[in-house]
Amino acid sequence: MKKITRREFMGRSAAAAVGLMIIPRHVLGGRGYQAPSDTLDIGCVGAWGRGAGDIEGVSSENIVAICDVDDEMIVRLLKNDQNTPERQAKYEKANKYRDFRIMLDKEKSLDAVVVATPDHTHAVIAMEAIKRGKHVYVEKPLTHTVKEARMLAIAAKKANIVSQMGNQGHAKEGARLLNEWIWDGAIGPVTEVHVWTNRPIWPQGIDAPKEIPSCPSSIDWDLWLGPSPRRPYHPAYHPFAWRGWWDFGTGAVGDMGAHLIDQPFWALNLGAPKTIQASSTKFTKDSYPVAEIITYEFPARGNLPPVKLVWYDGGLLPARPEVLENGRMMGDDGGGCLFVGKNGMLLCGTYGQNPRLLPEKLMKEYRRPEKTIPRSPGIHEEWIAAIKEGKKSTTDFSYSGPLTELMLLGNIALRMQEQRAVLQWDAEKMEFPNFPEANKYLHMEYRPGWEL
């Protein structure tokens, strides 16, 4: 006998119950009604910070389970006064867990899983979900290491699940406009891109704390550490400042590169870089530097010329273009991106917001092309629709995996700057042929009991 899915069974049963009559959905439930058979069962790992935003983003669906290693984060979610009554009811009804593995084992009905935890646990959680055939949405950056990004992309493709990385700027109007303008030739062939951010907004360039405070009873610290090396609990790591530590976060470029580097990566079809080099303020064995500059060189791609991309953070900025009028901000308060083309420049803010051609005369005279890129309803809505329609999302792991690799290669170049190294990158072999000693940073050694 042919197996049928749970959703097919529900649909057939419902049809039988009404004598096989087809009744329009709007008659049953009014405008906006969503039939139970069209609703996804979702488990969410990570309940606060971006986790709360992601849970809200998928709250049109059935939130079956909420998981967090810190009970206090779930309490915050439930007490959030921004919750609508409908969302609040869903959150309270959801089963609560600390260990994502137990959640995945017990919640057999899950169609999809959202991962919004610190960077170092993204890959292990997402991989367990993929192994069970669940669709996955993972907050940016996709992973903590280059090898993890490569493995998740391969696993998602093999399992034929719908994946998405949570870089919401990719879904915004500005990102689509700047792509269409560049593809239209608005500034001619692009040979240089400068990208900057206001991050870090957390401590970096410091040593690990020496004091050992008591770990709150609400936290399962061993689960929080996951695959990373064991160390005592400290509020310097959880719940916010983990981004600045090598063992847990991916620094400023990992935090915001998915929003800012995404724009040239998409518009210029960058792919893998040829070389990477970096310079920075002092960093420690424990944490990232306060400020850095990372330079990537990309080869020609088809009829597109070679490109140099330079990343700046910690308050560092590229030189101000002469054609930018005095008093006008470069980008916005969060950062920006400057494309340098043969016939002009394109400037945008964080997430690709508010693109403008430079000089201003070029902007005023430019005849905008037709909108050719499908517009997005939102990064979460897009993923949900892709699952229901059996389609591919725009930042699925085949796209966001290589984007994440690019960001993380910059962090490896940081570690190698004392050797005055310009790293050559062989993407196919996943190695640095001219500096093999840098290969050890492509992945990390997991603690026993953790694996991909």
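Welcome to a predicted model, in which local features need pLDDT of at least 70, side-chain atom pairs count only at pLDDT 80 or more, and totals for chains, interfaces and linings use all residues. Residues are numbered from 1 along each chain as its sequence is written, and side-chain values use heavy atoms, with hydrogens and water left out.

**The sheet**

- Eight strands make an open sheet with mixed pairing, in the order β13-β12-β11-β7-β10-β9-β8-β14; strands are DSSP runs of E with at least two residues, helices are runs of H or I with at least four, and both are numbered from the N terminus.
- Two strands count as paired if DSSP finds at least two bridges between them.
- β13 (356-358) and β14 (423-424) stand at the edges with a single partner strand each, so one side of each has no neighbour in the sheet.

**Helix α8**

- Helix α8 (residues 146-159) has 14 residues and spans 20 Å from its first C-alpha to its last, close to the 20 Å expected at 1.5 Å a residue (the expected span is 1.5 Å times one less than the number of residues).
- Its buried residues are V146, E148, A149, L152, A153, A155 and A156, where buried means under 20% relative accessible area with a 1.4 Å probe, protein chains only.
- The cover over those buried residues includes α7 (122-131), β6 (163-166) and α15 (397-415).
- Just after α8 comes N160, with a positive phi of about 60°.

**The two pockets**

- A pocket is an open set of points on a 1 Å grid over the protein atoms alone, where a 1.4 Å probe fits, with protein on both sides within 12 Å along at least five of seven lines; lining residues have an atom within 4 Å of a point.
- The largest pocket has a volume of about 530 Å³, the volume being the space filled by probe spheres set on the points.
- Of its 33 lining residues, W48, A116, T117, P118 and W242 are the closest to the centre.
- α4 (71-79), α7 and α10 (221-225) are the elements that each give two or more residues to this lining.
- The second largest pocket holds about 450 Å³ of space.
- This second pocket is lined by 23 residues, with H144, W246, R415, Y441 and M444 nearest its centre.
- α15 gives the most to the lining of the second largest pocket, with four residues.

Terms used: Buried < 20%, exposed > 50% of the residue type's maximum accessible area, 1.4 Å probe, protein only. Contact = heavy atoms within 4.5 Å.
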